[in-house]
Amino acid sequence: MATPINISLSNAYAAVSGLVPAYSSALPAVPGMPRLGAWTVADERGQDLVEFTSFIGLAVSSGADAPRQPVERGGFYAYNKVASPVEATVTLAVQGDSATFQRVLDTLNTFTREARCISVITPEREFAPMTLTGFNYTRKAEEGVSMLIAELKIREVRLIPPRYSNTAITREQAKNPMDVSSVNFGLKRPVSRPDLIMYAI
């Protein structure tokens with residue numbers, strides 16, 4: 001189930017102007033260390049992913065899947081419960097000019113296209129590693145065109161370190177005879193046999 005932070009988007013504009021307190025990343029970032037007490041979305045270096053004015057909202061969804069196998073008498077058997085990736089939606093408010101908005105949108109587009117990790121930092125915990133899967137933003141004249149509200153779609157990724165091993169391929173396993181692993185029989189040394197020596201007559 002989602003766990004939203006109840007700050008409505010309708011109050012985002014008042015929050016930016018100081019009428020309603022909003023979450024912001026006021027603490028400086030330390031590379032490699034989470035900023036405890038801050039609300040932000042950070043890149044691989046621990047810096048803010050984009051420059052934003054207020055952290056408006058966070059909704060987190062976490063769950064698991066239990067595959068089911070039917071059995072007799074209409075029952076079923078559940079097995080191998082697998083945790084699903086954590087998904088989060090982060091809403092940020094950005095106030096500035098067109099150049100500021102362009103930088104924010106360019107960064108979000110880059111992180112959406114590329115396989116790069118980010119983290120969502122809250123006072124309680126840090127969600128990492130995550131990746132940006134998409135975003136949308138709104139700008140409306142009646143709410144002030146000098147403000148951009150961006151909604152980021154973020155999903156957990158699970159990094160698995162590669163493992164390498166030397167595995168011999170037998171003739172039965174190889175489809176191509178050239179793929180068969182060579183066998184090291186050690187160093188071969190010639191053997192001298194006196195009975196095979198030929199003498200010139």
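Which residue of β8 does A42 stand opposite? The legends below refer to a predicted model, and the first view gives the answer.

**View 1. Pairing of strands β1 and β8.** Strand β1, residues 40-42, runs antiparallel to β8, and 3 bridges join the two. A42 stands opposite S119 of β8.

**View 2. The hairpin from β8 to β9.** β8 is followed through a hairpin of 4 residues into β9. Strand β9 covers residues 126-138 and is antiparallel to β8, with 3 bridges between them. In this pairing, V120 is the residue that stands opposite F127 of β9.

**View 3. The two faces of strand β8.** β8 spans residues 118-121 and is covered on both faces. I118 and V120 lie on one side, S119 and I121 on the other, and all are buried. S119 is the residue that A42 stands opposite, while V120 stands opposite F127.

View 4. T89 is part of β7, which comprises residues 87-95. Its relative accessibility is 19%, so T89 counts as buried, the cut-off being under 20%. With neighbours within four places in sequence left aside, T89 is in contact with G57, L58 and A59, and also with E151, L152 and K153.

**View 5. A nonpolar surface patch with V71, Y77 and Y79.** These three residues, V71, Y77 and Y79, together have about 300 Å² of accessible area. V71 sits in the loop that lies between β4 (68-70) and β5 (76-78). V71 counts as partly exposed because its relative accessibility is 44%, which falls between the limits of 20% and 50%.

Methods. Residues are numbered from 1 along each chain as its sequence is written. This is a predicted model: local features need pLDDT of at least 70, side-chain atom pairs count only at pLDDT 80 or more; totals for chains, interfaces and linings use all residues. Side-chain values use heavy atoms; hydrogens and water are left out. Patches are made of residues with over 30% relative accessible area and no salt bridge: like charges are joined within 9 Å, nonpolar side chains (Val, Leu, Ile, Met, Phe, Trp, Tyr) within 5 Å. Accessible areas come from the Shrake-Rupley method with a 1.4 Å probe; for residues, only the protein chains shown count as cover. A salt bridge is a side-chain nitrogen of Lys or Arg within 4 Å of a carboxyl oxygen of Asp or Glu. Buried means under 20% relative accessible area, exposed over 50%, partly exposed in between (1.4 Å probe, protein chains only). Two strands pair if DSSP finds at least two bridges between them. Contact means heavy atoms within 4.5 Å.
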